[in-house]
Each structure stands twice: as structure tokens, then as C-alpha cells.
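Below is a short briefing on selected local features of one model. The sequence and coordinates come before the notes.

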Amino acid sequence: MEGKRILLLLIAISFVSTSDITSSIFGNFLEFVPAAFGDFNSDELTDVFVLTKDSKTLEILLANDIEPILRPSNLTCSFKNSITSIVPGDYDGDVFMDVLVTTHDPSSDFTHVHIIWGGIGTITCSNETEPLISMRGQPLAIDYNQDMIIDLFGTNIEDKRVFWVNRNRTKPEVVRMEKFNDLPLVPIKSPHSNSFLDLNDDYLPDLMITTEEAFEIWHGIPEGFKYSKRVEWPFGVVSAGGHVGQSLYLDVELKGSLDLVVPLCFDYQCRNSTIALYRDGWHDLQINFADPKKELWGFVPPDKWKNVMYTDAITLHTGDFNMDGYPDLLATFQTNKGKQTRTFLLENVECKICEGVNRTFEIHWDALNPFKNESVMGVFYDFYQDGILDVILVEYDKATEQYHTRAFKNSLDYDANFVKVMVLTGLTNSKYPISPGSVGKKKRTYGTNLPGPSIAYKTTTQEGYPRGAIAAQLPQSAHFSLNLPYTTFGLGRMPNYIEKLTVGVAGKYREWQQIIPNSQIVVIPNPITEASKWKVQLFVTPSKLILLSAAALTGTCGLISAIIIALYWKERREDKIERLQEAHRFHFDAM
């Protein structure tokens, strides 16, 4: 019995050591909260934009190939007002990553938009007293005129919907949104989950606007956007006193189309929660919120905590955690008694009781062990650039009102394949054609984060069935949406080639055939009007199966070599003995 206890203890210690990798990722720097992701220094590693010092200082953690993976830098800017969102991107067309920062002015209740201009490894902090824009709510990063320079959409201080079109470092051009049939435009919800992505398969990103009454779909056209339709709130939860959370667009069933997914609370305290999916009508995904001890959980009500980050809206974060191809979720729940708050993994599984849909999400209560402390947010991130999504967790200490960021390693128990795609702006700068790359190499910079591209693949499974999926890159940017600047498709154990990869940008698209699994692909859409000239950079990550095969082959060759050497040595030894015997033999012929 004592031996079994020791064995269980060793197993538990081993599990913890392979799951909690906080020190390996962040070192001793833990007093921060993540705000956005992006490759700031164009070294093909994803950096993390974080907030420190009561959310009034921005700092960029630069990613590295060796531990600690994310390290503090001297790239910092401080503000007097609290920072409410961070949106990296190129706002002046010089190919270098700038950083949009929004702050909240409590005296006027306005949001002030600042842009920290970027250069080769440097940033220029903006003057807080001279914001680029003042507005209500938070802006959505879009590309209004398909010039690969990031523009903004939101509500101005006059409560009008407008687009701010950027061209250089001067004040942006203001374009008002046209009314539909001269009807007044409904105010945008705050907090909102406005999205910029292709919904009608024309490769031109559309606008999904969350208003105070419903969702609005505006289809993208070369001259802007045209109203398409309105989707009412699901199940009348708002009129019943419930909450509608931040929406997502996911290919839940791998059908090659994006579904609108929304977290809901049927009551004010979120004791009765669910997730709804819209496909020709709303469908309840029948989430079971009872843990193994039969205790009920639910989403955290948006107004439960004042001034606590990530809790102003019910937010889901998506990524393929188990690499089976179906998108999974991370969500923060509280017990119905409200005594405990934790972040959990929701795995995409088959649903046999859902009406009109075939998939749902199942809560894995222990998937993120050993982290069982109070956490307010969890988001996916690929720490080791191996295509496997790990997790960043933010814990909140109610007593000290301090945040602590943790890192969780995703240790898959089987060898899974993937394809990872990142679409850049494709812009170039003749003044700076070459920039430092990873491992001391020199490389060209082809732009930065780009919102709105459509990425899809098609292939055939080992059983001979067709399979495909679609995703949008950086569809949201407000309220710490924390979207990764790339898309990772899990392929499970399918080692087949990806038959077709399709990338759509600004109304144009290009297809690539026969993509190798475990590829990391960088798409450079330049020139944007000639898709046939778009470039692609491909990096192949060897899978565990390949490494194991190589190890097995090396071991087999080593064993065969050892056998040959042993037989050769034995034969030489026998020949030596035979020669000695021959030398000592008495020759009668000599007499």
C-alpha cells in the first residue's frame, strides 16, 4: 500500500512539473496581465503586449527560442489614465508594427485613442494630452479601403458610427456609415464584440456589429459596407434580465462555414447559463455546468466585480487544444454560490441531444490542473512554436487586488498534426529592405498583423472522407479579445497532405496545393491586386512520429553495427588463436 502511495505521488509530481511551466516562460516577471499578441520585431516569434502598474503602463515581452521564452524589454510607455485595450498593427504603412492604445477618461467618459509609432526595435510614446481620436466605447481594427493599412470603426463623441481611415501619421480621415433605408442606426452595445471577417464567401471582409438590440451584418463592398440583415438576440434573454456575452465566429462542425457562437445567461446572476449557436435560427448547445461533485457553475456576471480586468463582459477564447480539428474554448465560471471563480477548458464533442446541430462543448473540469486558484481569464498561446496551443492563465488575488500570470503546457498524449497559417499586410519599405531575423539571420519585413483574412483548407481523411475547415484571422480587437495573429488547424493523426489551402484577402484569393502537415505558413499578399504573385514562406516542424521513427532507425542501425563489429571481433580472435596453434604445432615434415 505504501508503495502505491509513493508511485501516485511521483506521478502527481511528474504531472505538475510538465504542466506548470510559469518560470520557464516568464522567469520571475509575473506581475502583469496580457493585453494583445503580435510579432513586434519581425523575428517570426509571437511577442506579448502586457499591462503593468495598475494597467497604466504598456510593456512588450519579446519572445525567444530559449528559456525564459518571454522576457521584459525596454519597450514601455506609461499613461495617467487606465489602459482599456491594446491593438498592434501598421497604422501608417511603413511596414513596422505600431501599437494602438485606448485609455478611459473618467471625467468625460470618453475613450482616447493613442498610437505608439514603431520602428526597427523601437517605439515612440505618444503625448497623452493629444490623443489621435476621442470616441465612445472601443474601436474595431479593420481595413476599410483594402490598402493594408489598419483603419478603425466605432462611435464618435457625437454618437455617430464612423470609420477612421489611416494613411500616414496625420489625423485620420473620418467617413460616416451610411444609413439603411434612412432608418436611424441603433447605438452600438458597450462592451461590444464587433467583428471584421468574411461571412458571404466573397473574400471581402464584412462587418458584424453588436448593437443594443441585435446583431447587424454589413457586407463588404469595394466602396465600404452595405447593410445585409439583422439577427435578434437569442431566446429573449435580455428582456428577461439575462446577459448576452461576447460573440465568436467558429467553424464548429468543420463544414467550411462560420457559425455565430454566443455565451448566455438566462438570469441576472448567471445561475442558468448556456452557449447558443446561430444557424438559420438559434440553437442551445445544452452545456452541462454540473461538476463531478454535482455542484452547479455558470458564467461570471459582467457587473460582479468593479475595476477587475477581463470581467466587464462574458468572454470566450477559442483554439484547438487537443488538435483534433474542432475548435475548443476557454471560459471563466463561478459557482452558483459565487464563492469560487475558475477558468476551464470546453472541448468540442459530438452532441446527441442538441436540435439542429451535431456538436457541443463539454467542460473538462481537471484539464488545467494544477491551477485551481481564482482565475479571471485564460487564453491560448503557442509557447514553443510547435503548433500545439498552450494556455496563459491570469489569477486574481481578492485580498491584495493583484494579478498573477501563469503558464500551462499542453502535453498531448498522442502525436497530432497541424497546419499554422499567418497572413501579413504584405507591405514593403524601400528605406528598410532588410531587418534582423531570428538566430542572427537577416530577412525582409513583409508587414504586420492583418485583420480580416479568410483561411480555409480541404483534405481527405485516412478513411477516405473529405474534410475541411475555415477560420478568420484577427476578427476582433476590442475589450482584450486576445486573438492570436495566426490560425492553427489541428489535423489529428492524419498524416496526409493538405490538398488545398485557400487564403482570401481584400476580395482576392489564392490556393496552394499539397501542403505538408506540420507546416507553419506565412502568406505575403503582395501585390494585393494580383493574387497569382502572392508569396508564401513555409516552415516544417517535425512531428513526434517522425522523430521517433528517426530514433528507431538510428537505434536499429546502431544495433546492426554493434552486431557486425562483435562478429568481426570474434572472427579476428578465432583467427589469432588458430595462428597461434599453427605456430606451436610440431611439424613432422621437418625431421
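E374 is placed in the loop between β27 and β28 (375–381); strands (E, at least two residues) are DSSP runs, numbered from the N terminus. This is a predicted model, in which local features need pLDDT of at least 70 and side-chain atom pairs count only at pLDDT 80 or more, while totals for chains, interfaces and linings use all residues. Residues are numbered from 1 along each chain as its sequence is written, and side-chain values use heavy atoms, with hydrogens and water left out.

- A polar atom of the E374 side chain lies 3.2 Å from the backbone nitrogen of T341.
- Apart from neighbours within four places in sequence, E374 is in contact (heavy atoms within 4.5 Å) with W305, K339, Q340, T341, V394, E395, Y396 and K398.

- Strands β29 (residues 390–397) and β30 (residues 402–408) run antiparallel and are joined by 7 bridges; two strands pair if DSSP finds at least two bridges between them.
- V394, among the contacts of E374, has T405 in β30 as its bridge partner.
- The hairpin formed by β29 and β30 has 4 residues between the strands, and E401 in the turn has a positive phi of about 55°.

**Strand residue T360**
- T360 belongs to strand β27 (residues 359–364).
- T360 counts as buried because its relative accessibility is 7%, where buried means under 20% relative accessible area (1.4 Å probe, protein chains only).
- The T360 side chain reaches the backbone oxygen of L285 at 2.4 Å.
- With neighbours within four places in sequence left aside, the contacts of T360 include L285, Q286, I287, E347 and C354.

Definitions and conventions. Buried < 20%, exposed > 50% of the residue type's maximum accessible area, 1.4 Å probe, protein only. Polar contact = N/O pair within 3.5 Å; in protein donor to acceptor, adjacent residues only side chain to side chain.
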